[in-house]
Amino acid sequence: MNVEFFGNLGELVGGIGVIISVLYLAFQLKQNSKLLRMNNQQQTLDASRQNFIASIAGHNVAAILVKTKNEQSLSDEEAQVFQFWFNAQMRNFENAYLQYLGGALDEEIINAIAKKVVIALSTDSGRKAWLEIKSQSPDSFV
């Protein structure tokens, strides 16, 4: 074995190292892009949810929820407050679902959230409120 052999071997190992480094960087860029996309979705949904929450401030949401659970009729103002509350809740659920799709939440958590969605849709008011907003959600969430 001569110096030329070791030189060629060094070039080969160096070339393989460069290829592995490039592949690793590509993987890291893909992961970073995915995290940025998830973060942007989360911020967008959170801003939407905050707008709905601000709209219901000062209203007795609990009393309205009791009325909807008991299938009692709501005044126009109560119906609007309920719709805003419902929208905020569904934005929370949608955000959790998107986080699950991105790998940030466990299946156990998303299953618990799915049960909450079922509860939210268990009344006529909930189903009506969902029909109002479901077109604003991703098809996979709907």
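Predicted model: local features only at pLDDT ≥ 70, side-chain atom pairs only at ≥ 80, totals over all residues.
View 1. Buried denotes under 20% relative accessible area, exposed over 50%, and partly exposed in between, with a 1.4 Å probe and protein chains only. In soluble globular proteins, nonpolar side chains tend to be buried together.

Residues are numbered from 1 along each chain as its sequence is written, and side-chain values use heavy atoms, with hydrogens and water left out. Local features need pLDDT of at least 70 and side-chain atom pairs count only at pLDDT 80 or more, whereas totals for chains, interfaces and linings use all residues.

**View 2. Packing of H3 against H5.** The axes of H3 and H5 are 10 Å apart and form an angle of about 70 degrees; the two helices are therefore roughly perpendicular to each other. Axes are lines fitted to C-alpha atoms, for helices over the stretch in contact, and angles run from 0 to 180 degrees between N-to-C directions. Angles under 35 degrees count as roughly parallel, over 145 as roughly antiparallel, 65 to 115 as roughly perpendicular and the rest as oblique. H3 contributes Phe82, Gln83, Phe86, Asn87 and Met90 to the contact, and H5 contributes Ser125, Gly126, Ala129, Trp130, Glu132 and Ile133. By class, these are six nonpolar, four polar and one charged residues. Ala, Val, Leu, Ile, Met, Phe, Trp, Tyr, Cys and Pro count as nonpolar, Asp, Glu, Lys and Arg as charged, and the others, Gly among them, as polar.

**View 3. Crossing of H2 and H3.** Helix H2 (residues 61–69) and H3 have axes that come within 10 Å and cross at roughly 95 degrees. This makes H2 roughly perpendicular to H3. From H2, Val61, Ile64, Leu65, Lys67 and Thr68 meet Glu78, Val81, Phe82 and Trp85 of H3. The residues of this contact divide into six nonpolar, one polar and two charged. Leu65 of H2 is partly exposed, with a relative accessible area of 26%. Leaving aside residues up to four places away in sequence, Leu65 touches Phe82 and Trp85.

View 4. Asn95 lies in helix H3 (residues 76–101); helices are DSSP runs (H or I, at least four residues), numbered from the N terminus. Asn95 is buried, with a relative accessible area of 15%, and touches Gln42 and Leu45, not counting residues up to four places away in sequence. In helix H1 (residues 3–56), the buried residues are Met38, Leu45, Arg49, Phe52 and Ile56. These buried residues pack against H2 and H3. H3 is followed by Gly103, whose phi is positive, near 90 degrees.

Methods
Contact = heavy atoms within 4.5 Å. Expected span 1.5 Å × (residues − 1).
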